[in-house]
Amino acid sequence: MEYVKTKLAAFHPFIQDISTLPSPRKFNYPFCYEAHPLAKIAAGQVQEFLNQSYDNEHNFGIDPEHQGMVIGKMFGVLVVRTPENELGFLAAYSGKLAQGKQHPYFVPPVYEVFQENGMYLTEVKGVTALNEALEALERNESYLSLKAQLEQTKGLAELEIGELKTQHRILKKERHKRRKEAQLNLSPEALEPFLEQLKNESLKQQYDLRVISRSWEAKLKDLEIALSAHLEKIEQLKEDRKQASAQLQRQLFESYKFVNAKKDWKSLLSIFTEDLGLVPPAGAGECAAPKLLQYAYLHNLQPVTMAEFWWGQSPKSEVRKHGEFYPACRSKCLPILGFMLEGLEVDDNPLENNPAEGKEMTIVFEDDDLIVVNKPAEFLSVPGRYVKDSVQTRIKARYPEAILVHRLDQSTSGIILIGKNHESYVHLQKQFLQKTVLKRYHAVLNGVVDKDSGIIDLPLRVDLDNRPQQMVCYEYGKPAQTKFEVQKIVDGKTFIHFYPITGRTHQLRMHAAHPSGLNVPILGDDLYGTKAERLFLHAEYLEFDHPRTRERLRFEVDAEFEI
């Protein structure tokens, strides 16, 4: 492919004076970042455009008078530098807007699937023709008549054979009764021919059943043979459609070709299937980030920094706040951006840095059976994928047999319970499973909650497209309940106590932020709200029975942030 030079309708200069703002030294890591001031200003301009100038058919759920299905969208901005050293930005959205109508304000898709006379629409016609042929066969009067006859015949066969078997069971009971009476009343000479008669009656019934069954089997076989000619054609068309769809999917994956900063090219098929052995997920390549980088590289624009924000009503299952910034999705974008960012100086993945470096955990209580630890915020409970330093590794260095009974999120501070030996661990874990352990968390929410107390009941499961985020799912989610009590409201912030009834990943964070929960995220929640100096969530109270003495123990550690 060749690079093209054209009038860049999608390049937007900054309206606000940015001369005093320094550019970042490296491009931000898109899966964990804090939006740079330049990206925030660019996003503000895009949001102003969406509010004031973008008149289209898409309903974001902001305007109550707007008709149509409500679908919020992820938008992205990419600050770029032109060859003439001018700073500006590009804008894009994930997926499609307004039934696929492309607006010149936004960069085009990496591959225009619905271009007229293009590969996709041409090949889709073939698949559509197969579908129509299949539907015609399945509506064929002869086929439908044979199907109905077969089902009706099966029903009649089952009915007649069933009635015959019922009659035979009655006759069998009668023969059994007659046999007993004959054995009591008949002489040996008379008994023998009588028993032979009963035997013949039984054989006659078996014969009659075989005749009837074979008669119905013959009728069913004739119908099945007649029907099989239709079924073979239908199955062949289904196989043809399957192969055509697979071929179309493969061609589509090959048509999405991405370029990186080194001017190397790779297809979607190559990135996912050939490099990783994965099937590209639905919508891969349609997110905002790949569109932005592709346009920048094709037009010799130097990427400076990028950010993505949600616009519109939140989805029912996820937590997306209108106007807030979010990282790029991992399942679709991580492999693609991993290739597209090659050749750029990119910030290190923050997850590879040890958040516990220079921090110490405090031993609140210790005896021969257990340890109670106060974990600082941004400190792993157990070793992670990149970082091994954690509460577990530090404790095991001193006590090799010690086992954490429960965990806290990396960003959550507070009390963690550890069994110093296997017997203590088993006893303590059993208390957690039986829900006899009492826990209380203190949190500050970034907004006002309109209820004083209650119970949140929202089942949770991991968001497979965006780990480790969780989502509400009534089909596959695990039960998750949280009791809450508001303590006070100060300066638009809610100070609250959480009492988790279950212990799901990110349970308190999701139950606070989700629209069906409290709809107010915990202050500093970088996954479901807005980042701050820390996550304002602290496990402050724990009550349980001692595994050896059975004494009821209670521990309370105040949060470092103001209560």
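Predicted model: local features only at pLDDT ≥ 70, side-chain atom pairs only at ≥ 80, totals over all residues.
Trainee: What is the volume of the second largest pocket?
Mentor: The second largest pocket is lined by 27 residues, and those closest to its centre are Met74, Ser94, Trp310, Glu318 and Lys332. Its volume is about 610 Å³.

Trainee: Which helix and strands each supply at least two residues of the lining of the second largest pocket?
Mentor: By class, this lining has 12 nonpolar, seven polar and eight charged residues. The elements that each supply at least two of the lining residues are β2 (73-81), β6 (302-311) and α7 (330-340).

Trainee: How many charged residues are in the lining of the largest cavity?
Mentor: The count of cavities of 30 Å³ or more comes to three, and the largest cavity holds about 50 Å³ of space. Of the 10 residues that line the largest cavity, the closest to its centre are Tyr93, Gly95, Lys96, Gln102 and Pro109. By class, the lining of the largest cavity has three nonpolar and three polar residues, and the number of charged residues is four.

Trainee: The structure holds 17 aromatic pairs. How many residues apart in sequence are the parts that the pair of Phe14 and Phe89 ties together?
Mentor: Phe14 and Phe89 form a tilted pair, with 5.5 Å from centre to centre and 55 degrees between the planes. Phe14 lies in the loop between β1 (12-13) and α1 (37-52), whereas Phe89 lies in strand β3 (residues 87-93), so the pair ties together parts whose separation in sequence is 75 residues.

Trainee: Is Phe89 buried or exposed?
Mentor: A residue counts as buried when its relative accessible area is under 20%. The relative accessible area of Phe89 is 0%, so Phe89 is buried.

Trainee: Is the aromatic pair of Phe49 and Tyr105 stacked or edge-to-face?
Mentor: Planes under 30 degrees apart count as stacked, and planes over 60 degrees apart count as edge-to-face. The rings of Phe49 and Tyr105 are 3.8 Å apart from centre to centre, with 5 degrees between the planes, and the pair is stacked.

Trainee: Where does Tyr105 lie?
Mentor: Phe49 is buried at 11% relative accessibility, and Tyr105 is buried with a relative accessible area of 13%. Phe49 and Tyr105 belong to one aromatic cluster, whose members also include Phe60, Phe75 and Trp311. Phe49 lies in helix α1, and the place of Tyr105 is the loop between β3 and α2 (119-138).

Trainee: Lys219 lies over the face of which residue?
Mentor: Lys219 is in helix α4 (residues 188-255). Its distance from the ring centre is 4.3 Å, and the residue whose face Lys219 lies over is Trp216.

Trainee: Is Lys219 buried, partly exposed or exposed?
Mentor: Buried means under 20% relative accessible area, exposed means over 50%, and partly exposed lies in between. Lys219 has a relative accessibility of 41%, so Lys219 counts as partly exposed.

Trainee: How far apart in space are Lys219 and Lys154, C-alpha to C-alpha?
Mentor: In sequence, Lys219 and Lys154 are 65 residues apart. In space, C-alpha to C-alpha, the distance between Lys219 and Lys154 is 9.4 Å.

Trainee: Which elements do the buried residues of α7 pack against?
Mentor: The buried residues of α7 are Arg330, Cys333, Pro335, Ile336, Leu337, Phe339 and Met340. The elements that these buried residues pack against are β4 (257-259), β5 (265-267), α5 (268-276) and α6 (288-298).

Notes:
Residues numbered from 1 in each chain as written. Heavy atoms only, no water. 1 Å grid on protein atoms, 1.4 Å probe; cavity = no way out; pocket = protein on both sides within 12 Å on 5 of 7 lines; lining within 4 Å. Points joined across faces, edges and corners; volume = space filled by probe spheres on them. Helix = DSSP H or I, 4+ residues; strand = E, 2+ residues; numbered from the N terminus. Nonpolar A, V, L, I, M, F, W, Y, C, P; charged D, E, K, R; others polar. Phe/Tyr/Trp six-rings, centres within 6.5 Å; stacked < 30°, edge-to-face > 60°. Buried < 20%, exposed > 50% of the residue type's maximum accessible area, 1.4 Å probe, protein only. Lys NZ or Arg CZ within 6 Å of the ring centre and 35° of its normal. Contact = heavy atoms within 4.5 Å.
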